[in-house]
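Morning, everyone. Let me put the model up, and then we'll walk through it.

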Amino acid sequence: MSTTASPTGLADPDELDLRLPVSYLADGHSVRSWLLTTDHKRIAILYAVTITLFFFIGGAAATLVRLELATPEADVLRADTYNKLFTLHGVVMVWFFLIPSIPNTLGNFLVPLMIGARDVAYPKLNLISWYLNVGGGSLAVAALLLGGVDTGWTFYVPYSTVFSNTWVSLTVLGVFTTGFSSIATGVNFIATIHLLRAPGMTWFRLPLFVWAMYTTSLMFVLATPVLAVTLLLVVAERTFGLPIFDPARGGDPVLFQHLFWFYSHPAVYIMVLPAMGVVSELITCFSRRKVFGYTFMVYALVAIAVIGFFTWGHHMFTSGMSPYAALVFSFLSFVVAVPSAIKVFNWTGTLYRGQVGFESPILYALGFVGLFTLGGLTGLFLASIPIDVHVQDTYFVVAHFHYIMVGASVSAYFGGLHFWWPKITGRTYPETWARFAAILMFFGFNLTFFPQFIAGYLGMPRRYHVYPPEFQIWNVLSSAGAAVLAVAYLMPLGYLTWSLLFGERATNNPWDATGLEWRTSSPPPRQNFFGSPRVQGGPYNYHPEGVAPIHDQPRLPSQGSLT
Amino acid sequence: MSSADVEARPREGHPDIEARLREPWSDLETDHATAFARQRAGATFGIWIFLASEVLFFGALFLTYTAARLANQEAFAAAGRETNIVYGTLNTAILLTSSLTMAVASQAAEKGLFRRLTLGCLAATAALGLAFLVVKGFEYREDIEKHLVPGAHFALAQAPAQIFFAFYWLVTVVHAIHLSIGIGLVTRLIAKGRRDPDFLKENPQVEVTALYWHLVDLVWVFLYPMLYLPGRSG
C-alpha cells in the first residue's frame with residue numbers, strides 16, 4: 001500500500017485507472033495552484049494549515065503560563081512577560097484558532113458537499129477571506145515578535161488606550177482585519193445555503209452541521225462588525241488621540257465593554273454552534289440512529305443564535321449597570337441554557353438504544369457532551385448575579401469558559417477532523433492511536449481545568465503570575481494536566497501526518513454514514529460529485545422512520561442518489 | 001426566489017450568456033438563461049447580507065454617539081454649533097443627487113437598452129461623489145484652522161465637546177473611505193462599460209454597486225442631523 005507513498009501520492013491518479021476525474025488534491029501540484037485556488041476544499045486545507053500553526057503558537061504560550069503557575073512564586077517569568085503571554089494565548093486562540101477552526105476548515109470543505117453543490121456561492125471571496133485571515137494573523141504575530149501586548153485578549157479601555165505601552169494598535173488591527181475574513185465567510189455560507197442546495201434538499205432535510213454553519217454565519221455577519229467598530233475606536237483613541245472612551249473628558253469606559261461583549265458573547269456561540277453541528281453528525285452516525293428530534297435540534301440552534309445576541313451584559317455584572325438591566329441579562333442568560341439543554345437531551349436520546357460503536361470520532365463526541373454539560377452548568381452559576389459577584393475574575397470563570405471553548409469546541413473539532421479525515425485526505429489513520437489520544441485529551445482536559453473551578457471558588461484571582469501558597473495544590477494538578485493535554489494535542493499532529501504518507505487508502509464511505517459528502521470519492525474530485533445529486537429523503541437515514549434500530553442494523557441506502 | 005428569477009431572467013437567446021456565467025453557477029443543471037438569472041439573484045442576495053453587516057457596523061457607531069450625547073448634552077450642543085452647516089447641507093444635497101443618478105444608471109442597465117444613459121449617469125454619480133469629497137476637504141481645512149481637533153489646543157472649553165469631535169472625525173473619515181470605495185467601484189463599471197459595449201447590459205454588478213452606494217448615502221442621511229443640527233434649534 002505504502003510503497004508508492006509520497007506527499008504528492010495522496011491521490012495518485014495512476015495507481016488504479018478507473019477513468020474517474022482526478023481528486024481535488026491531484027488537480028494541480030504547484031504552489032500557485034494552491035495559493036490562487038478557488039476550490040472550497042483547497043481553501044479549507046489552507047485554513048487548516050494556518051489554524052494549526054496558530055493553535056500551537058497559542059498552546060506554547062499557555063504551556064509557559066502553566067509552567068509559571070506550578071509554584072506560587074515568580075520563578076520562570078516576570079510579571080510583564082506573564083501578562084504578554086496570557087494575552088498572546090487569548091488573542092491567538094480566540095481569533096486565529098477557535099473562531100475560524102470548524103467553520104473555515106470543516107465548514108468550508110463540507111457545506112457545499114453536504115448540500116450537493118459544486119462550490120460555495122462566491123469562490124473568489126472565499127479565497128480572499130483566507131488572505132484576510134493570514135494578513136490579520138501576520139499583524140498579530142508581528143506585534144508578538146516586536147514585544148507583545150499586555151492588555152489581555154479583551155483590550156479593555158482605558159488601560160488599552162491610555163496606559164499600555166505595548167503593541168496594542170498593531171494587534172487590534174490584526175484582529176480587525178481577520179474580522180472581515182469572518183464576515184466574508186458568513187456572507188458566503190448564507191448565500192451558498194440559500195441558493196445552491198441540490199434539487200430535493202429542502203431546509204428541513206439539511207444535515208444539522210449545515211444548520212449549525214448557517215446560524216454561525218448569521219452571527220459572523222451581524223456581530224463581527226460591532227467588534228470592528230469597537231477595535232477601530234480603540235485604535236482611533238490610541239493612535240490619533242480621538243477620546244471616545246476617555247473618562248477624563250466625559251467618555252464612558254463601560255460603553256467599550258458593552259460594545260465589546262455585544263460581539264464577544266455571540267462569539268462564544270460562534271465557537272460552540274459549529275461544534276454542536278459536528279457532534280450531531282458524529283453521534284447519529286456512530287449510534288446508527290436517526291437524530292432524536294431533528295426539528296427541535298434545528299430550532300435550538302436558531303434559538304441559541306438569537307438569544308445569544310442578548311446576553312452580553314452577564315460579563316459586566318460587576319462593571320456597574322442598572323439592577324434592572326442586570327436582572328434582564330441574568331434572566332436571558334438562564335433562558336439561553338434551555339435550547340442548549342435540549343441539544344444535550346437530544347444527543348442522549350439519540351444514543352439511547354442505539355448501536356453505539358466506540359471508534360475515535362464518537363469518543364471525541366462523547367467527551368464533548370460531558371465537557372459541554374459541565375461547562376454549561378457552571379455557566380448557570382455565572383448567570384446568577386450573587387454567585388457571579390463572588391467568583392468574578394477568578395479561576396472559576398477561567399475554568400468555565402475553557403470547558404466550553406476548549407473542552408467542547410476543540411474536542412468537537414478533533415472529532416470532526418477524525419470523522420472526515422478519510423474524506424478530506426483519502427487516507428485512514430491508525431485507529432488505536434486515535435482512540436488513545438481521544439481518551440487522553442478528555443482526562444488531560446479535566447485534570448487541567450477541574451482544579452481551576454475549585455481554586456477559583458476558593459478565591460484565586462485570574463491573570464496573576466504569583467498566588468498565595470494555599471492554592472498550590474490546585475495549580476500543580478492543573479499544570480500536570482496541561483502537560484497531559486499537550487501530549488494529547490501533539491499525538492494527532494504526529495499520526496495524522498503519518499497517515500498522509502503511509503496511511504491506507506480510504507474507501508468512499510468508511511463509516512457507512514449517510515449524507516451527500518459520502519456519496520463521492522475519497523478525496524472528492526474538483527467537481528465534488530460524479531453527476532448531479534438529487535435528494536430523495538431526510539437526513540440520517542440509518543433505519544426506517546418510526547422504527548427503532550435493530551441489532552446489527554443493516555446499512556440502508558443513503559440520503560440521495562448520484563443521478 | 002421564483003419571482004426574483006422571473007424578474008431577473010434575461011431574454012432567451014442572449015448571445016454571450018454562457019461566457020458570463022461563472023463558477024459555481026455555470027455548473028447548475030439548468031439551461032444557461034436560468035443559471036444566469038440565479039447568478040444575478042445570487043450577487044444581489046450577497047450584497048444585501050453584506051449591507052446587513054454594514055448596518056450593524058454603523059449602528060454601533062451611532063449607539064456610541066447616542067450614549068455619549070445623552071451623557072453630555074450641553075457640550076454636544078455647543079460642539080454641534082461649531083460645525084459648518086453650509087458645507088454639511090451642500091454635501092447632503094450632492095450625495096442625495098448622486099443616489100438619483102445611481103438609481104437611474106442601475107435601472108437603465110437592467111433594462112439593457114440605454115447604454116449611453118447608463119454610462120452618463122454612472123459618470124455623474126462618480127463626479128458627485130468626488131464633489132462630496134472636495135467639499136469635505138474644504139470643511140476639514142476649516143475645522144483644523146478653528147482648532148476643532150481633540151487634543152491640547154482644542155477650541156472649546158467643555159471637555160466632552162472633544163468626544164463630539166472625536167466622533168465627528170472618526171465617522172466622517174470612515175464614511176469618506178466607504179464613499180471612496182464606492183467611487184472606485186463606479187469608475188470600474190464606467191471603464192469596463194466603455195471598453196465592452198455589452199458589459200453593463202443586465203450585469204448584476206451595476207445593481208450591487210448601486211445598493212452599496214445607496215447605503216453610503218443613507219449613512220450620511222443619519223450623520224447630517226447628528227453632526228450638523230445639535231444645538232441649532234431655537
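Which residues form a positive surface patch? They are A:Lys124, B:Arg22, B:Arg188, B:Lys192 and B:Arg195. Some ground rules before I go on. This is a predicted model, where local features need pLDDT of at least 70, side-chain atom pairs count only at pLDDT 80 or more, and totals for chains, interfaces and linings use all residues. Residues are numbered from 1 along each chain as its sequence is written, chains are lettered from A and ligands numbered from 1 in the order in which they are written, and side-chain values use heavy atoms, with hydrogens and water left out.

Now, the patch terms. Patch residues have over 30% relative accessible area and no salt bridge; like charges are joined within 9 Å, nonpolar side chains (Val, Leu, Ile, Met, Phe, Trp, Tyr) within 5 Å. A salt bridge puts a side-chain nitrogen of Lys or Arg within 4 Å of a carboxyl oxygen of Asp or Glu. Areas are Shrake-Rupley with a 1.4 Å probe, and for residues only the protein chains shown count as cover.

Back to the positive patch. Helix 7 of chain B, residues 161–195, gives the most, with three residues. Helices here are DSSP runs of H or I, at least four residues; strands are E, at least two; both are numbered from the N terminus. B:Lys192 sits in that helix 7. B:Lys192 is partly exposed, at 33% relative accessible area. The scale: buried is under 20%, exposed over 50%, partly exposed in between, with a 1.4 Å probe and protein chains only.

There is a nonpolar patch too, about 470 Å². B:Leu100, B:Val104, B:Leu113, B:Phe114 and B:Leu117 make it. B:Val104 belongs to helix 5 of chain B, residues 85–111, and is partly exposed at 32%.

Next, backbone. Most residues other than glycine have a negative phi, and most peptide bonds are trans. Which peptide bonds are cis here? One runs from A:Ser522 to A:Pro523, omega near -10°. A:Pro523 is in the loop between helix 16 (472–502) and strand 1 (534–535) of chain A. Another joins B:Glu23 and B:Pro24, omega about -10°. B:Pro24 is in the loop between helix 2 (17–20) and helix 3 (32–71) of chain B.

Last, positive phi. A:Tyr540 has about 60°, and is buried at 3%. B:His147 has a phi near 55°, but is partly exposed at 44%. B:His147 lies in the loop between helix 6 (115–145) and helix 7 of chain B.

Key. Lys and Arg count as positive and Asp and Glu as negative; His and the chain ends are not counted. The place of a charge is taken as NZ of Lys, CZ of Arg, CG of Asp or CD of Glu.
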